[in-house]
Amino acid sequence: MTAALVSLCGASCFLLCLTDSFRDNKRNICYGLATLRGLWVIDGSTTLPPQLSAKYRLKFIDFMHAVMSVLVFAAIALFDQNVVNCFFPAPSNETQEILTALPVGIGVFSGMFFVTFPTQRHGIGFPLSTN
């Protein structure tokens, strides 16, 4: 059950990194899922012209951000002793050292990645810029 819940939350982290938002002609905020062809508007309330939709295409960096977000979620999950005890009920000393150091390493690496390559997406749960 714990593995299923952690996997579901990790998948939602990945998917939410691939969402974006825009303002329609009425200045309403619309959310969509970025695809290889452009932005697919989730609620279908409006459509984007092809030239504007192309601006929202998936890029390699979007996948990297999604993977790094899942790693950050995994690091946070590894900080919780209930999750660790579920997967490793009696860890050896070496395993305990890895479980202690791994979240910190993931945090440092992903922090440097996110600072070096900031995302341009304003997905679900992220503030929309004024532009």
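Let me begin with Ser 53, which counts as buried because its relative accessible area is 10%, where buried means under 20% relative accessible area, exposed means over 50%, and partly exposed lies in between, with a 1.4 Å probe and protein chains only. Before I go on, please keep in mind that this is a predicted model, in which local features need pLDDT of at least 70 and side-chain atom pairs count only at pLDDT 80 or more, while totals for chains, interfaces and linings use all residues. Residues are numbered from 1 along each chain as its sequence is written, and side-chain values use heavy atoms, with hydrogens and water left out.

Ser 53 sits in helix α2, residues 50-53, and helices here are DSSP runs of H or I with at least four residues, strands are runs of E with at least two, and both are numbered from the N terminus. If we set aside the neighbours within four places in sequence, Ser 53 is in contact with Arg 37, Gly 38, Leu 39 and Leu 48, contact being heavy atoms within 4.5 Å. The side chain of Ser 53 also reaches the backbone nitrogen of Leu 39 at 3.1 Å. By C-alpha positions, Ser 53 and Phe 117 are 22 Å apart in space and 64 residues apart in sequence.

Leu 39 and Leu 48 bring us to the next topic. Together with Phe 22, Cys 30, Val 41 and Tyr 56, they make up the largest nonpolar core, which has 6 residues in all; such a core is a set of buried Ala, Val, Leu, Ile, Met, Phe, Trp, Tyr and Cys residues joined through side-chain atoms within 4.5 Å. Apart from that core lies another, of 5 residues, among them Cys 17, Leu 18, Ala 34 and Ala 66. In soluble globular proteins, nonpolar side chains tend to be buried together. Cys 30, a member of the largest core, touches Asp 20, Ser 21, Phe 22, Asp 24, Ser 45 and Thr 46, again without counting residues up to four places away in sequence.

Which side chains meet Arg 121 in salt bridges? A salt bridge is a side-chain nitrogen of Lys or Arg within 4 Å of a carboxyl oxygen of Asp or Glu, and by this rule the count comes to 2. One joins the side chains of Asp 20 and Arg 121 at 3.0 Å, N to O, and this pair links distant parts of the chain, since Asp 20 is in strand β1 (residues 19-23) and Arg 121 is in the segment after α5 (93-116), 101 residues apart. Asp 62 and Arg 121 form the other at 2.8 Å, N to O; Asp 62 lies in helix α3 (residues 60-79) and Arg 121 in the segment after α5, so this pair ties together parts that are 59 residues apart in sequence. Through shared partners, the salt bridges join Asp 20, Asp 62 and Arg 121 into one network. Asp 20 and Arg 121 are buried, and Asp 62 is buried as well.

In the segment after α5 we also find Gln 120, which counts as exposed because its relative accessibility is 63%.

Is Pro 103 buried or exposed? Pro 103 lies in helix α5 and counts as buried, because its relative accessibility is 3%. Pro 103 touches Ala 75, Leu 78, Phe 79 and Ile 98, not counting residues up to four places away in sequence.

Let me finish with Arg 27, in the loop between β1 and β2 (29-34). Arg 27 counts as exposed because its relative accessibility is 54%, and its phi is near 70°, a positive value in a residue other than glycine. Most residues other than glycine have a negative phi.

Key: Polar contact = N/O pair within 3.5 Å; in protein donor to acceptor, adjacent residues only side chain to side chain.
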